[in-house]
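Biologist: I have not worked with this structure before. Could we go through it by question and answer?

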Amino acid sequence: MPYLPEGAPLPDPGPDEIPFFEACARRELRLQRCADCGRFRHPPSPRCPECRSARIEWEQISGEGEVFSYTIVHHAVHKALKGTTPYNVVLVALDGTNGARLVSNLVDTPYQDVHVGQRVSLFWDEVPGGWLPRFTRSKAVAAT
Amino acid sequence: MRQERLKSGDVAAFAGATCIAGVGETRITSRGGQGDRTEFDLLCEAIQRAADDAGIPLDEIDGFVSFGAERHEPAVVQATLGIPVLRFSNLVWGAGGGGCPGSVMNAALAVHAGICRNVVVYRSLCQGQYHRYGQYRQRADGDTWMSPYGLMSPAQFFAMSFRRHMHLYGTRAEHLSHVAVPFREHAQRNPRAVQYGKPLTIEQHRTARMITDPFRLFDCCLETDGAGAVIVTSRSRARDTRHGGVPILAAAQASNKGWGLGPTGSHNMPEADYATINSRELAKALFGMSGLKPSDIDVAQIYDAFSGIVILALEDFGFVGRGEGGPFVAEGNLRWGTGALPTNTSGGLLSEGYLHGLNLIIEGVRQMRGESTTQVDDAQTCFVNGGGAAAHKSAVILGRKETA
């Protein structure tokens, strides 16, 4: 069962964003990286904001990171989520990416235990039509 | 001291030369409370009221400016009201309420450039007739990085920013009471406020149902229906209007490097800006233009779609230092009569109504005319900002009205 129920919105990427989701389909977490200065950036964009290069690499990353911030949603604003509250939303700062962050969820953590600074690992969550990068606080779960 | 600074400050030409000459608004109701009156009908009423308030005939309005997904475009408004000529139109890009004071700025620029004479700045917003801002809708940008994970509403977006602020500075959810409760107190003095006659205690605030931790029910914006408008004209022309002009001492738009869509996008703004409302460059521009310091501001209207935004705004604009916003509000400083910075004297977006910030401009004008229901004695300057969680931001400083 995915962390959020069927009927929750799914990614609807624009042209610059598609390679991220093509990698997700292979269960690879890849972020855009400047092929000239080497800086990671997210969300994807056609120029490096540091050196303005247009040369892009899609670099695979480990998916280790820590919780930068979070909220616990008690009042659902989408009909598909009405029976799912409370659920967590976490912002994960990814290791080795000069601070790139992903909005995601912690799939194995009671909402009362979510906190800033929590170390987390990537967990591929199957959703209709693909895979979403979610996270777990337990490396054992991430490895299965 | 202050008067000297007002005269000798490094004032941008347009700011010194333009005024707000009229304000108008409809009754603001809870969502769905306007009966058979449509949003467009309410907008027409607001514009007529603003023109009447200024004593400027509708026929002499020749500029139309708005912001933030306004539905009613200038040529249609012009045609509906039978206005002879449109010479200028403008919509501040994106930014939600962040574009509200920016729309006043753009109106002032057009007047000062001599492109048109009298500009109406307007915003109509009936959440009971169109979509509700508090419910999920797919956004054009950024949605793909958030909604699949259940991050779907402005309250949720900004809860993430505020949580980070709590982590960095020890700001507490209890501090939010000292934003929401004083604004509700101010609304008890304002019969136009949606929450007039509905006082709120600290206890009620802290025990209300949780919406998105740490925000509870009364930390979140009202969903209301209504419309508002103001008339911007030249300082010289304003002297001949009914009330005289309220001078625009400064008006600016800005965004910090790398902010992008901020919390309404993927939450990848620079780390130093994460727990802010992206208004630090704006503050430099605004206060630099006016020649004033934050301590020169007598009354403030701070964009309060969520209580936590106010604490971060106080820091960004330099009313307090970084991390000091929570303790500052907890000392009662936003309260009229006793606080150091009486704020949101009409009740604000949390308790008066949600015209996407335009009602804060209108209340700013009332303060500078001496007409507020919660008037700050001898107030000479009023600060008004726009926006919290969205993209770029804007603000104005208004001065005491001038009469012929």
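Biologist: Which residue forms a salt bridge with A:Glu50?

Modeller: This is a predicted model. In it, the closest N and O atoms of the pair are 4.0 Å apart. The partner of A:Glu50 is B:Lys257.

Biologist: Is B:Lys257 buried or exposed?

Modeller: A residue counts as exposed over 50% relative accessible area. A:Glu50 has 45%, so A:Glu50 is partly exposed. B:Lys257 has 61%, and therefore B:Lys257 is exposed.

Biologist: How many salt bridges are there between chain B and chain A?

Modeller: Over all chains, the whole structure holds 35 salt bridges. Between chain B and chain A, the count is one.

Biologist: What area do chain B and chain A bury between them?

Modeller: The contact takes 40 residues from chain A and 33 residues from chain B. Of the buried area, 57% lies on carbon and sulfur atoms. The area itself is about 3100 Å².

Biologist: What ipTM does the predictor give the complex?

Modeller: For chain B, the mean pLDDT is 95, and 97% of the residues reach 70 or more. Residues 1-9 of chain B have a pLDDT below 50, and this stretch has 16 contacts in the model beyond near neighbours in sequence. For the complex, the pTM is 0.96 and the ipTM is 0.97.

Biologist: Where is A:Arg55, which forms a salt bridge with A:Asp36?

Modeller: The closest N and O atoms of A:Asp36 and A:Arg55 are 2.6 Å apart. The pair links distant parts of the chain, 19 residues apart, with A:Asp36 in the loop between E1 and E2 of chain A. A:Arg55 is in the loop between E2 and E3 of chain A.

Biologist: Is B:Arg163 buried or exposed?

Modeller: The side chain of B:Arg163 meets that of B:Asp213 in a salt bridge of 2.9 Å, N to O. B:Asp213 is in strand E6 (residues 210-213) of chain B and B:Arg163 in helix H6 (residues 154-169), 50 residues apart. B:Asp213, with a relative accessible area of 19%, is buried. At 14%, B:Arg163 also counts as buried.

Biologist: Which strands are the edge strands of the open sheet in chain A?

Modeller: The sheet has three strands in the order E2-E1-E3, with antiparallel pairing. Five bridges join strand E1 (residues 30-34) to E3(A), and A:Gln32 stands opposite A:Trp58 in E3(A). An edge strand pairs on one side only, and here the edge strands are E2 (40-41) and E3 (56-60).

Biologist: Which residue stands opposite A:Arg101 in E6(A)?

Modeller: Strand E5 (residues 87-94) of chain A pairs with E6(A) in the antiparallel sense over four bridges. The two form a hairpin with six residues between them, and A:Gly96 in the turn has a positive phi of about 70 degrees. In E6(A), A:Arg101 and A:Val103 point one way, A:Leu102 and A:Ser104 the other way, and all are buried. Opposite A:Arg101 stands A:Ala93.

Biologist: How many residues are in the largest nonpolar core?

Modeller: A second, separate core has 47 residues, including A:Phe20 and B:Met146. In the largest core, B:Ile20, B:Val232, B:Leu314, B:Phe317 and B:Phe383 touch the most other members. B:Val232 touches B:Ile20 and B:Ile248, among others. The number of residues in the largest core is 90.

How values were computed. Residues numbered from 1 in each chain as written. Chains lettered and ligands numbered in written order. Predicted model: local features only at pLDDT ≥ 70, side-chain atom pairs only at ≥ 80, totals over all residues. Heavy atoms only, no water. pLDDT = per-residue confidence, 0-100. Contact = heavy atoms within 4.5 Å. Core = buried A, V, L, I, M, F, W, Y, C linked by side-chain atoms within 4.5 Å. Buried < 20%, exposed > 50% of the residue type's maximum accessible area, 1.4 Å probe, protein only. Pairing = 2+ DSSP bridges. Buried area = accessible area lost by both parts, 1.4 Å probe. Lists of a residue's contacts leave out its neighbours within four places in sequence.
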